[in-house]
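Here is a short briefing on one protein model. It covers cavities, a pocket, sheets and backbone details.

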Amino acid sequence: MGSREDAIGRARTFFDSGAFRDRLASLVAIPSTSQDPAHAPDCARYLEDGIRPWLASMGFTSGIHPNPEPGCGPILVATRMEDPARPTALLYGHGDTVLGLEQAWSPGLDPWTLTERDGFWYGRGTADNKGQHIVNLSALEAVLAERGGRLGANVKLVLEMSEELGSRGLRAFVEARREELAADALIASDGPRVEPGLPTIAAGSRGSFMFDLVVKLRQGGVHSGHWGGLTKDPAILLSHAIASIADQNGRINVRDWLPGETVPPAIRAALEGCPVGGGEGAATIDEGWGEPGLTSAEKIYGWAGFIVLAMTSGNPAAPVNAVAPEARAACQIRYTGDSDPARFLPALRAHLDARGLQDVAIERAGIRMPASRTPPDAPWVLWAKNSMERSLGTRVQVTPNASGGLPGDVFVDLLGTPLVWIPHSYNGCKQHGPDEHVIPAMLREGLAAFAGIWWDLGEAGTPPRA
């Protein structure tokens, strides 16, 4: 009944007909930002009106559940079980977005209207993450149609509405439903490819550890003429603290933040020949920045990064002749799954103290999103790679983790699922900012890749069940 090639062709035809674009446009039009409480009803509407009827048409049984954490959006769970003896894939996605930032978009563009311009599709959520989980579900729909309504395997779905709040409540939610959500592998999509033209699998994600550096010396500012040169300047102390953490080329000096003296051999082997490119309009890669001796891929997929997100002292918009009373910097460590975040704070405190910077306090330190990692040569990762290469006729790059944060730790920690992230976006998509967009050809390619994955999931040759 049908064939693999016809299933992939059916998925491509669906895209080429304009039906995929229409579906994406209808879901982008729901302003489901979780970062504005006024849009909480839209977050619920995205699941109830936008997703749930579609899932029912594919034979899913679904429910929408309150988030265990007050003030966070609901979570949809859907199941489609044909045979418990066959493999079960767990899909994940998020329907919430960051703020629309309507006034900051280019003229003629609106975050809640899908707009075609210069070969891109613009709209909030097109890349993060509506477009990505719509690809995966549309591919499943094509395979079910080709196979006469059967898949030959099982699918479960978790679709949350608070990922842009750090997936708050997701861990507690999954922990309470371990048996219900048990699966052989998480196969899902979020984040960017290593470069626009190269299909990618990420076997995890980097974590995010946040902290503030604070120098607070007095209640108010003092006259710069009378006191400048006599009393401590918090901005200077803060600047020295930051400069001690990383040198002028961005090399991290707090070595306990790192996975080791260099990238582990297995990770280096996985990244051999891996390109890094954001596409037209993306930020530049400064080759001399970061850890010496590492390739760009090793820096972003196998190493840690230190970033100063914001810093202030005094009032930059209206400076006065005063030595400011305090200075503050919001900082971040992007780290890999082979680093130990429990060491970050004590290592930083010891580092600052050893340099006479006891006046620099560390506040609000902690993990925002943990790192996660499945070995890049794990059976389900290699199975997905082979499936994609067969469908697309091109090389697929496997990375040990995505460069950004994803909630994969929840699923690998609580369910024991290997992680197979297959992104349908790219680094230059401007997610989280104005003018977010996707490349339609990349979505079409992702649709074909996932049609092949769904087909192969129902065939013999899947990895042995745990």
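Helix α14 gives the most to the lining of the second largest cavity, with three residues. This is a predicted model, in which local features need pLDDT of at least 70 and side-chain atom pairs count only at pLDDT 80 or more, while totals for chains, interfaces and linings use all residues. Residues are numbered from 1 along each chain as its sequence is written, and side-chain values use heavy atoms, with hydrogens and water left out.

**Overall build**

- The protein has 14 helices and 19 strands. Helices (H or I, at least four residues) and strands (E, at least two) are DSSP runs, numbered from the N terminus.
- Along the principal axes, the C-alpha atoms fill a box of roughly 85 × 50 × 45 Å.

**Cavities**

- Two cavities of 30 Å³ or more turn up in a search of the whole structure. On a 1 Å grid over the protein atoms alone, a cavity is a set of points where a 1.4 Å probe fits but cannot get out; lining residues have an atom within 4 Å of a point.
- Grid points are joined across faces, edges and corners, and a volume is the space filled by probe spheres set on the points.
- The largest cavity holds about 60 Å³. Its lining includes Asp190, Tyr301, Asn401, Trp421 and Pro423.
- By class, the lining of the largest cavity has seven nonpolar residues, four polar and one charged. Ala, Val, Leu, Ile, Met, Phe, Trp, Tyr, Cys and Pro count as nonpolar, Asp, Glu, Lys and Arg as charged, and the others, Gly among them, as polar.
- The second largest cavity has about 30 Å³. Among the residues lining the second largest cavity are Arg193, Met388, Pro423, His424 and Glu445.
- Both α12 (379-392) and α14 (440-457) supply at least two residues of that lining. It divides into six nonpolar, two polar and two charged residues.

**Second largest pocket**

- The second largest pocket contains about 150 Å³ of space. A pocket is an open set of grid points with protein on both sides within 12 Å along at least five of seven lines.
- Its lining counts 13 residues, and Gly166, Ser167, Arg171, Pro370 and Val410 lie nearest the centre.
- At least two lining residues come from each of α5 (170-175), β15 (361-369) and α13 (408-414). The largest share, three residues, is from α5.
- The pocket lining has six nonpolar, three polar and four charged residues.

**Four-stranded sheet**

- Four strands form an open sheet in the order β12-β14-β10-β15, with antiparallel pairing. Two strands pair if DSSP finds at least two bridges between them.
- β12 (305-313) and β15 stand at the edges with a single partner strand each, so one side of each has no neighbour in the sheet.
- The twist from one strand to the next averages 15°. Axes are lines fitted to C-alpha atoms, for helices over the stretch in contact, and angles run from 0 to 180 degrees between N-to-C directions.
- β10 (207-216) runs antiparallel to β15, and six bridges join the two. Leu213 has Ile362 of β15 as its bridge partner.
- Helix α8 (234-245) packs on this sheet, touching β10, β12 and β14 (326-335), and its direction makes about 15° with that of β14. Contact means heavy atoms within 4.5 Å.
- Helix α11 (344-354) also packs on the sheet, touching β10, β14 and β15; its direction makes about 155° with that of β15.

**Three-stranded sheet**

- Another open sheet has the order β4-β5-β19, with antiparallel pairing.
- β4 (115-117) and β19 (437-438) are the edge strands, each with a single partner, so one side of each is left without a neighbour in the sheet.
- Three bridges pair β4 with β5 (120-122). Glu116 has Trp121 in β5 as its bridge partner.

**Backbone details**

- Most residues other than glycine have a negative phi, and most peptide bonds are trans.
- The peptide bond from Asp128 to Asn129 is cis, with omega near 5°. Asn129 sits in the loop between β5 and α4 (130-146).
- Leu101 has a positive phi, near 55°. Leu101 lies in the loop between β3 (88-94) and β4.
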